[in-house]
Amino acid sequence: MTFELEPLDPDDDRPPYEQVARSLGAAIRTRRLGPGEKLPSHAKLTEHYGFARATIQRALRDLEDEGLVVSRKGSGVFVRHRTERPAGLRPYVEQAFASRNVTIDFAGFSSETLHGALQEPLDKIRTGRLTPTSIRVRILVPDMSVPQAAPVRREDCADDPRLRARMHDIMVGYTRSITDSISELEHLGLVQEGQVSVRTHRSTQFFKLYIVNKEDAFFGYYPIRPNKVVAQGEAIEIYDLVGKDTILFHHSLNDGASSSGAQQVEQAQMWFDSVWETIGRETTADAL
């Protein structure tokens, strides 16, 4: 199959290099450009996009930094052969919103990373640059009304209700913001259906999982680290679950039906659905 470059969105106000990087990155992620394939030459990219050579070089450098391509001196730029390398969630979430029906399942603690990844595609819906029909988000988080294995006090590894209250407040903040943003899109008629469902379970969540459009799964661990936080006005040394900079590992159905990646996505979806439909208890952002 011959790869055809696509035109850029004329209403896209991002820097030109970023537009080019996103367009080529989307082609790689959707396998329109497969592992090992050579990207069009600098000259062809410059001619097609109408930008300076330096802009194209910057876009290709960003793709290389993302681990999507590799430059071979004298030969050109090639799509990197896939390994179980870390991946960024944000571009995949943005790409998912180009679909008619968007689904995102999240299991973890605060949904902070998901909240951040949603901002750009939601902004694009508000300006009419993305037009999904429906958005369905399921958020599965621990019940912080019961003691957890972490976070706990560092001095005796004991539960402290103040720490759970702090985590609860963080959790509510991000979940409510996601709920309000998507509900607003539905209220404004920008999507026909916008639904955010929240359920809790009585287990400590030691990993985070995102399943995007039932096609791509991202998995990462919450390491336990010493930390010092302020809870109810008092500084407390704790053992904390730290997930903001966690490396996410990406698996995709696009790797092929019998691939390890496809099996990882299927098993991740099976795990999520099993918890959601059995021990997951329905709640809302306000009632968490």
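Predicted model: local features only at pLDDT ≥ 70, side-chain atom pairs only at ≥ 80, totals over all residues.
Biologist: Into which domains is the protein divided?

Modeller: Domain bounds come from an automatic or database domain assignment. Here they give domain 1 (16–79) and domain 2 (89–283). Their centres, taken over C-alpha atoms, are 31 Å apart.

Biologist: How much area do domain 1 and domain 2 bury between them?

Modeller: Buried area is the accessible area (1.4 Å probe) that two parts lose on being put together, summed over both. For this pair of domains the value is about 650 Å², with 41% of it on carbon and sulfur atoms. Of the area that domain 1 buries against domain 2, 78% comes from Arg22, Arg29 and Arg31, more than from any other three residues.

Biologist: How many salt bridges are there between domain 1 and domain 2?

Modeller: A salt bridge puts a side-chain nitrogen of Lys or Arg within 4 Å of a carboxyl oxygen of Asp or Glu. The count between these domains is two. Arg22 also forms a salt bridge with Glu94, at 2.5 Å from N to O.

Biologist: What is the strand order in the open sheet of three strands?

Modeller: Strands are DSSP runs (E, at least two residues), numbered from the N terminus, and two of them pair if DSSP finds at least two bridges between them. The order is β5-β10-β9, with antiparallel pairing. Arg153 has Ile238 in β10 as its bridge partner.

Methods:
Residues numbered from 1 in each chain as written. Heavy atoms only, no water. Helix = DSSP H or I, 4+ residues; strand = E, 2+ residues; numbered from the N terminus.
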